Amino acid sequence: MFLMKEYLPILKILGRFLFAYLVLLLGYQLYLNYFHSSHVVDPYTAWLAQNCSLVQNKMGYNTLLVPDETRDGIFFYVNKIWASIMVEGCNAVSVIILFIAFIFAFHKGFIKTSLFILLGVLLLNVLNISRIAFLNIVAVDAPKYFKPIHDYLFPSIIYGGIVVLWLIWIKFIVLKDEKNN
């Protein structure tokens, strides 16, 4: 029993992480199932594509979005050239769920935790929109670099953003609060 007491804080953190991760994952899967049956892209992925199109248009890359009902995706035509197709996996929701679950696992009060999650999700969406927009530009301007950039560089942007946010959360919120107590 003494050993259990020693590991209780770790078990609580792990329990909060698993609880948050599983609840969010289940909710997201139910959301996806609802839209999958109608063979349209889900509203969040569509919103993300529209924002990518807006960024690309502002950068001088005329972008047209065309739904693809066979793959539940959206084609990006940039300057009248097919650049890419955005599917649900491009929206980064699965990694955002992971981010939220981690922050929740080390929660530091409702307000701090909620505010950090909100700002983190906002930042991750900005990173993801930028990532997809630049990937489409690469597809048009330097197509031979599309695959390595898509497979290696750009995933590191979103995962790197999450790791940086986790480090900020631990160093400046969690450990600072522990030090002050």
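User: What should I know about the numbering and the model first?
Analyst: Residues are numbered from 1 along each chain as its sequence is written, and side-chain values use heavy atoms, with hydrogens and water left out. The model is predicted, so local features need pLDDT of at least 70 and side-chain atom pairs count only at pLDDT 80 or more, while totals for chains, interfaces and linings use all residues.

User: Which helices and strands does the protein have, and how are they defined?
Analyst: The protein has 5 helices and 3 strands. Helices (H or I, at least four residues) and strands (E, at least two) are DSSP runs, numbered from the N terminus. From that end, the elements run α-α-β-β-β-α-α-α. The C-alpha atoms fill a box of roughly 65 × 35 × 30 Å along the principal axes.

User: Why is α2 called oblique to α4?
Analyst: Helix α2 (residues 43–58) and helix α4 (residues 110–141) pack at an angle of about 60 degrees, with their axes 9 Å apart. Axes are lines fitted to C-alpha atoms, for helices over the stretch in contact, and angles run from 0 to 180 degrees between N-to-C directions. Angles under 35 degrees count as roughly parallel, over 145 as roughly antiparallel, 65 to 115 as roughly perpendicular and the rest as oblique. The angle of about 60 degrees therefore makes α2 oblique to α4.

User: Which residues make the contact of α2 with α4, and how do they divide by class?
Analyst: Contact means heavy atoms within 4.5 Å. On the α2 side these are Tyr44, Trp47, Leu48, Asn51, Cys52, Val55 and Gln56, and on the α4 side Asn125, Asn128, Ile129, Ile132, Ala133 and Asn136. They divide into 8 nonpolar, 5 polar and no charged. Ala, Val, Leu, Ile, Met, Phe, Trp, Tyr, Cys and Pro count as nonpolar, Asp, Glu, Lys and Arg as charged, and the others, Gly among them, as polar.

User: What makes α3 and α4 roughly antiparallel?
Analyst: α3 and α4 pack at an angle of about 160 degrees, with their axes 10 Å apart. That angle is in the range counted as roughly antiparallel, and α3 and α4 are therefore described that way. The contact is made by Ile96, Phe99, Ile100, Ile103 and Phe104 of α3 and Thr113, Phe116, Ile117, Gly120, Val121, Leu124 and Asn125 of α4. By class, the contact has 9 nonpolar, 3 polar and no charged residues.

User: What makes β1 and β3 the edge strands?
Analyst: The 3 strands form an open sheet in the order β1-β2-β3, with antiparallel pairing. β1 (63–68) and β3 (81–86) are the edge strands, as each pairs on one side only. Two strands pair if DSSP finds at least two bridges between them.

User: How do you know that β2 pairs with β3?
Analyst: Strand β2 (residues 73–78) is joined to β3 by 5 bridges, and the two run antiparallel. Ile74 stands opposite Met86 in β3. Helix α2 packs on the sheet, touching β1, β2 and β3, and its direction makes about 5 degrees with that of β2. Helix α4 also packs on the sheet, touching β2 and β3, with its direction at about 145 degrees to that of β3.

User: Why is Ser53 called buried?
Analyst: Buried means under 20% relative accessible area, exposed over 50%, and partly exposed in between (1.4 Å probe, protein chains only). Ser53 has a relative accessible area of 8%, so Ser53 is buried. This residue lies in helix α2 and touches Thr63, Leu65 and Phe76, not counting residues up to four places away in sequence. Buried residues make up 36% of the 181 residues in the protein.

User: Why is Leu64 called exposed?
Analyst: Leu64 has a relative accessible area of 52%, so Leu64 is exposed. Leu64 is found in strand β1 and touches Phe75, Phe76 and Tyr77, not counting residues up to four places away in sequence.

User: What makes the phi of Lys80 and Ala92 worth a remark?
Analyst: Most residues other than glycine have a negative phi. Lys80 has a positive phi of about 65 degrees although it is not a glycine, and Ala92 likewise has a positive phi of about 65 degrees. Lys80 sits in the loop between β2 and β3, and Ala92 in the loop between β3 and α3 (93–105).

User: Are Lys80 and Ala92 buried or exposed?
Analyst: Lys80 has a relative accessible area of 80%, so Lys80 is exposed. Ala92 has a relative accessible area of 5%, so Ala92 is buried.
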